[in-house]
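Grab a pencil and work through these exercises with the model open beside you.

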Amino acid sequence: MSDVAAWIAPARTALVVIDIQVDFASPDGVLGGYGVDMGMVAPAVDAAGRLVEAARAAGAPVVFVGLFTSPATDSPAWNERMCRRGGDPDSEAALCRAGRPGSAFHGPQPADGELVVAKTRYSAFVGTDFDARLKAMGVDTLVVCGLTTECCVAATAADAFDLDYHVFVAADACAAYEPDLHEVALKTMGLNTAILTDSVEVAKAWKEAA
């Protein structure tokens with residue numbers, strides 16, 4: 001067995017799919033309505049979908065992480081920062097509102113019985129029981145993908161590393177809305193918190209380990 005296959009063996013590893021939701025990933029979502037270019041997102045969503053299929057085939061748990069917001073859970077610090085930057089938090093905070101179409105997962109969908117983590121901040125670990133749920137599954141390694149590379153993916157990877165998880169980031173299954181942000185975020189994670197890989201290498205390793 002190769003080193004990578006052992007490092008991300010299905011018995012110890014969870015695939016974590018972060019924030020691939022309508023408001024972030026679809027032209028029909030809030031950001032698409034603002035005119036944000038989704039050109040970099042679509043290939044990452046496709047790669048994430050292939051990772052989900054590979055994880056399921058290998059028996060590795062798949063975790064879907066999503067942002068589900070409400071006015072009651074909006075961050076006062078985030079809103080004040082928006083105001084200080086000249087923005088309008090009433091409209092700009094209204095992303096992935098719970099129960100609205102924009103919060104639905106886009107592309108790969110959770111299967112029956114798969115863990116869905118609902119978060120209200122950038123990191124999947126803040127204000128959730130994600131860490132405890134992973135430990136209960138015997139997981140010590142994460143393969144992370146999703147949106148956006150420099151924000152929620154990076155925040156989750158950093159917290160996972162600080163909690164002593166082994167973190168792998170599937171670079172082609174992540175995206176930012178600007179190429180330079182994506183590349184800088186990958187470089188920063190590779191330097192500090194994660195091992196960079198891609199969907200092809202992960203799928204090959206899982207097939208070998210299984």
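**Exercise 1.** In which sense do strand E1 and strand E2 pair, and over how many bridges?

*Solution.* A quick note before starting: this is a predicted model, where local features need pLDDT of at least 70, side-chain atom pairs count only at pLDDT 80 or more, and totals for chains, interfaces and linings use all residues. Residues are numbered from 1 along each chain as its sequence is written, and side-chain values use heavy atoms, with hydrogens and water left out.

Step 1: find E1 at residues 13-18 and E2 at residues 62-67. Strands (E, at least two residues) and helices (H or I, at least four) are DSSP runs, numbered from the N terminus.
Step 2: the two strands pair in the parallel sense over 4 bridges; pairing takes at least two DSSP bridges.
Step 3: check some partners. Val17 has Phe64 as its bridge partner in E2, and Ile18 stands opposite Val65.

**Exercise 2.** What is the strand order of the open sheet?

*Solution.* Step 1: read off E3-E2-E1-E4-E5-E6, 6 strands with parallel pairing.
Step 1: look at the edges. E3 (115-119) and E6 (195-197) each have a single partner strand, so one side of each lacks a neighbour in the sheet.

**Exercise 3.** At what angle do helix H8 and helix H9 pack?

*Solution.* Step 1: take H8 (residues 149-162) and H9 (residues 179-192); the angle is about 5 degrees, with the axes 10 Å apart. Axes are lines fitted to C-alpha atoms over the stretch in contact, and angles run from 0 to 180 degrees between N-to-C directions.
Step 1: H8 and H9 are therefore roughly parallel (under 35 degrees).
Step 2: see who meets whom, with contact meaning heavy atoms within 4.5 Å. Residues of H8 including Val153, Ala157 and Phe161 meet residues of H9, among them Leu181, Ala185 and Met189.

Methods:
Angles under 35 degrees count as roughly parallel, over 145 as roughly antiparallel, 65 to 115 as roughly perpendicular and the rest as oblique.
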